[in-house]
Amino acid sequence: MTNRPDWEIAEGLATDLTREGLRESHPADQSVHDGTGRVQLAFTVEQTGDAPTTQRGVRVPPGVSVFDAGSWNGIAIDSTCGGHGTCHKCKVRIDGDALPITRHDVKTFSTEQIGDGWRLACLVKATRDLKIEVPPLTTRPKAATVGVGRQVILRPALQKRYVELDEPTLADQRTDMERLIDAIDDLEFTADLYALRRLPTVMRPDFKVTAVVVDEVLIDVEAGDTTDKRYAIAFDLGTTTVVATLLDVGTGTPVAVASMLNKQQPFGGDVITRISATMMDPDALGRLQAAAGETLQQLAVQVCTEGGVDPQTVYEVALAGNATMTALVLGIDPEPLGVAPFVMSTAQPREVLASELGLALHPRATAALFPALGAYVGGDIVAGMLATGMDRDQRTRLFIDVGTNCEIVLSDGDTILATAAPAGPAFEGGAIRCGMRAADGAIEVIKLDPEGEQPVELGVIGDVQPMGLCGSGLVDAVAELVKVGLLDASGRFVPEADAAASMPVLADRLTSIGEERVFVLHRPTRDADPADCVYLSQRDVRELQFAKAAISTGWSLLLAELGLEHRDVQQVLLAGSFGSYLSPASAVRIGLVPQLPVMRIVAAGNVAGEGAKMSLLSLRERQGADVLLEEVRYVELSDRPDFNDAFVEQLGF
């Protein structure tokens, strides 16, 4: 790939998007330029909570989109499509006259907002100096920080031994290393160069030291007795959210936990858009790697601060992520993961220094990365299988990690199968008209009761005014509309006349915006225009249908592979943050999971993080993750001749 300038890459992408109908052409004075000079963009970035607003000026080549200008300079603008003009989330307010208006802006903003300068950042080209206001980005969405796990025998790779050594004499001229090895008779270890350099200084003058050993390697010697300071961090490196747990390895207990939005988010909300970014821009890989490192480091600082722990006493890290996230944090080109035949560079990445991931911990802290089963069943799923004991239980169990890419594992007690289904961004709020992440203001629970005093009951994160609809709210909304009969089995809203006749208390919420039918979930005022409300559109229903059909097709084909039926499944584990907040009854009603009693459906939570913690507390469990690679058979769905027929069968409710 040739090293083209940023403005040329941006121009090529803009041309492609216009050709594909994702953008409308701008007026000539907005789009035509010769690629020379620079324009000045003054960003005002609002922060969440009490954090002060920040000001940032950047100079970029003319023709670059406002979104790209921000993301290239570390200014996070919300997006799930990576600036391709499809998710309608990169909302900014621009101070200026004669701003172009695209059809996507018209669909996203009210007339008053457009007049006030609100635009989608990815559709505005910076052809002149601009002042831009960026709304606060939700950096800490609601996320599952703990999950289903198992008790383990505490035998970590990290060991500390305090010793009081005999001082050398002319009669005892053993080397410092020999003296240390002889004094520690329950461990066998070699020393790395960092530890050897510290030995002569730290041992003297009193020869009372603590040896720090990780995986049979002496990584440090510390003066005095520091055996009570043994810490490690488990990371769940998710595409959307990253969770960090600080562990006291001596006792096996968590000290602090924190989560935040992955700083790679401006490059896209799913792995495909991030892989595409590296294919279109040769510098994107470095920026994605740096963004992942910044996310890990910020979380490490937070958990250490909250736990009152010196980062220098964190000696080990475990990281569970999907194959793409693992490749990006290591700086490995992910392009082969995004094109057939979907090949990983390695299934078992070696341990690296934590500093190579951008972490400022102990200088010789190591980072262990989970192995992957395939390009789309990665280390996070292996960690989840480890935590839930998928290879240890004789029951028939179904493990589903619902997300943009949905991973599915089925075990009948003897055979374990795994696959991945392309669910799309609907469960993350992407491609949904009023979709948003699971943050304050997101509707997460919906109950419809035409006979009750409150026909529409909403559960909103943060107990604030509803601003949008997150994934669990989307599933609830569709399930409830199916239950009361406002959505038929094909996923189509019933005619308004039928709704008025059967349930007048809800019929006034079934209306249209333009030519699209919608169901209004929340009105900010009694007479609010439907376009200014939080609503579920017919297209949103279709997006959910496609997502749930992909997932249910995946587990249906795995059941068929083992000759099983729905009723044979004894437990369904819904993993990840989305699975933690999803209503089991709603999942059953729309067919996202097998038709089972809800008591068999378990919210497993952040099992990837639990698996990462287990690997830090037990060497045996860490080895068990490698053994899973040999026990699990991966089933590729994309080349199965029966996939399309099965998919169509699963579309209905």
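In helix α6 (residues 176-183), the residues Asp 176, Met 177, Arg 179 and Leu 180 are buried, where buried denotes under 20% relative accessible area, exposed over 50% and partly exposed the range in between, computed with a 1.4 Å probe on protein chains only. These four residues cover an arc of only 160° around the axis and therefore lie on the same side of α6, the arc being that of the directions from the helix axis to the C-beta atoms. An α-helix has 3.6 residues a turn, so residues three or four places apart point the same way. The cover over the buried residues of α6 includes β6, β7 (190-191), α7, β8 (208-214) and β9, with contact taken as heavy atoms within 4.5 Å; helices (H or I, at least four residues) and strands (E, at least two) are DSSP runs numbered from the N terminus.

The model is predicted, so that local features require pLDDT of at least 70 and side-chain atom pairs count only at pLDDT 80 or more, whereas totals for chains, interfaces and linings use all residues. Residues are numbered from 1 along each chain as its sequence is written, and side-chain values use heavy atoms, with hydrogens and water left out.

Arg 179 of helix α6 also belongs to a network of salt bridges that links it with Asp 172, Arg 174 and Asp 182, a salt bridge being a side-chain nitrogen of Lys or Arg within 4 Å of a carboxyl oxygen of Asp or Glu. Over the whole structure, the search finds 27 salt bridges.

Glu 222 and Lys 160 meet through their side chains in a salt bridge with an N to O distance of 3.1 Å. Asp 220 is buried, with a relative accessible area of 3%, whereas Arg 198 is partly exposed at 27%.

A further salt bridge joins the side chains of Asp 116 and Arg 93 (3.9 Å, N to O). Since Asp 116 lies in the loop between α5 (111-115) and β4 (118-120) and Arg 93 in strand β3 (residues 91-95), the pair ties together parts that are 23 residues apart in sequence. Asp 116 is partly exposed, at 42% relative accessibility.
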